[in-house]
Amino acid sequence: SSSKPVLRYAAVRTLNKVAIQYPAAITACNVDLETLITDSNRSIATLAITTLLKTGNEVGVDRLMKQISSFLSEISDQFKTVVVDVIKSLCQKFPRKHTVLMTLLSNMLREEGDYEYKKAIVNTIISIVEENPEAKEADCEHTSLATRIIHLLGREGSRTTTPAKYIRYIYNRVILENAPVRAAAVSALAKFGTASEDLLPNILVLLQRTTLDQDDGVRDRAIKHLIQLIFSI
């Protein structure tokens, strides 16, 4: 309740950190945290909301997500990443809320942001899809979201320290998804092959398998990329 933003920030940041390990201990402060949701300092408001999400119940998730999405464009990528981390833990805590949370992640993926922030979003979506059976069904229905994720992974994935993780996820889209997503996955795999000589042999094998796809468009795209990569050797 201090009039000084720096003190309010320090207090709510401390509560946020404590809530990671001991959320029940912070519930007594929820009333005070609620008053900070509308704080003019968006960093303070973000920390207040993410703390409430850690300590609150399933009923309050929708309201808090709506509140934070209203000013996401006003906070730094660092604080947006904090929001992404909280969303990941919420999906584990309240799996039935995955639709609301995936929608927010989808909207966040559309916005501008640095690589680390975008990578955090993609990793969180991958985690949700792999761990939540209901989210797997939703992921298949949201073609535009799946395609955006795959394009991002194709562009940035080879720069990471664990490219095989992303290649595996992308190739699983070739097996499990509809034709537009499979086509996007084929192009993303080809980008890994172009970016890394070490990865190229495995990528060629995966593209070779995809030339047997039942969809003409996916099959033609796989053949095109396969030929391009072979001639680049």
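## Who lines the largest cavity

Start with helix H8: this helix gives the largest share of the lining of the largest cavity, 4 residues. Keep in mind that you're looking at a predicted model. H8 covers residues 115–131, and along with helix H10 (143–156) it is listed as supplying at least two residues of that lining.

As for the space inside, the largest cavity holds about 60 Å³. How many cavities of 30 Å³ or more are there? The count is 1.

## The buried side of H5

Now hop over to helix H5, residues 61–69, where Val 61, Leu 64, Met 65 and Ile 68 are buried. These residues span an arc of only 100° around the axis, so they sit on the same side of H5.

What lies over them? The cover for the buried residues of H5 includes helix H4 (42–55), helix H6 (77–93) and helix H7 (98–110).

## Lys 97, a buried lysine

Lys 97 is found in the loop between H6 and H7. Is this residue buried or exposed? Its relative accessible area is 17%, and since buried means under 20%, Lys 97 counts as buried.

Leaving aside residues up to four places away in sequence, Lys 97 touches Glu 58, Val 61 and Asp 62. Val 61 is also one of the buried residues of H5. Glu 177, on the other hand, is 80 residues from Lys 97 along the chain, and their C-alpha atoms are separated by 23 Å.

Technical notes
Residues are numbered from 1 along each chain as its sequence is written. This is a predicted model: local features need pLDDT of at least 70, side-chain atom pairs count only at pLDDT 80 or more; totals for chains, interfaces and linings use all residues. Side-chain values use heavy atoms; hydrogens and water are left out. On a 1 Å grid over the protein atoms alone, a cavity is a set of points where a 1.4 Å probe fits but cannot get out, and a pocket is an open set with protein on both sides within 12 Å along at least five of seven lines; lining residues have an atom within 4 Å of a point. Grid points are joined across faces, edges and corners, and a volume is the space filled by probe spheres set on the points. Buried means under 20% relative accessible area, exposed over 50%, partly exposed in between (1.4 Å probe, protein chains only). The arc is that of the directions from the helix axis to the C-beta atoms. Contact means heavy atoms within 4.5 Å.
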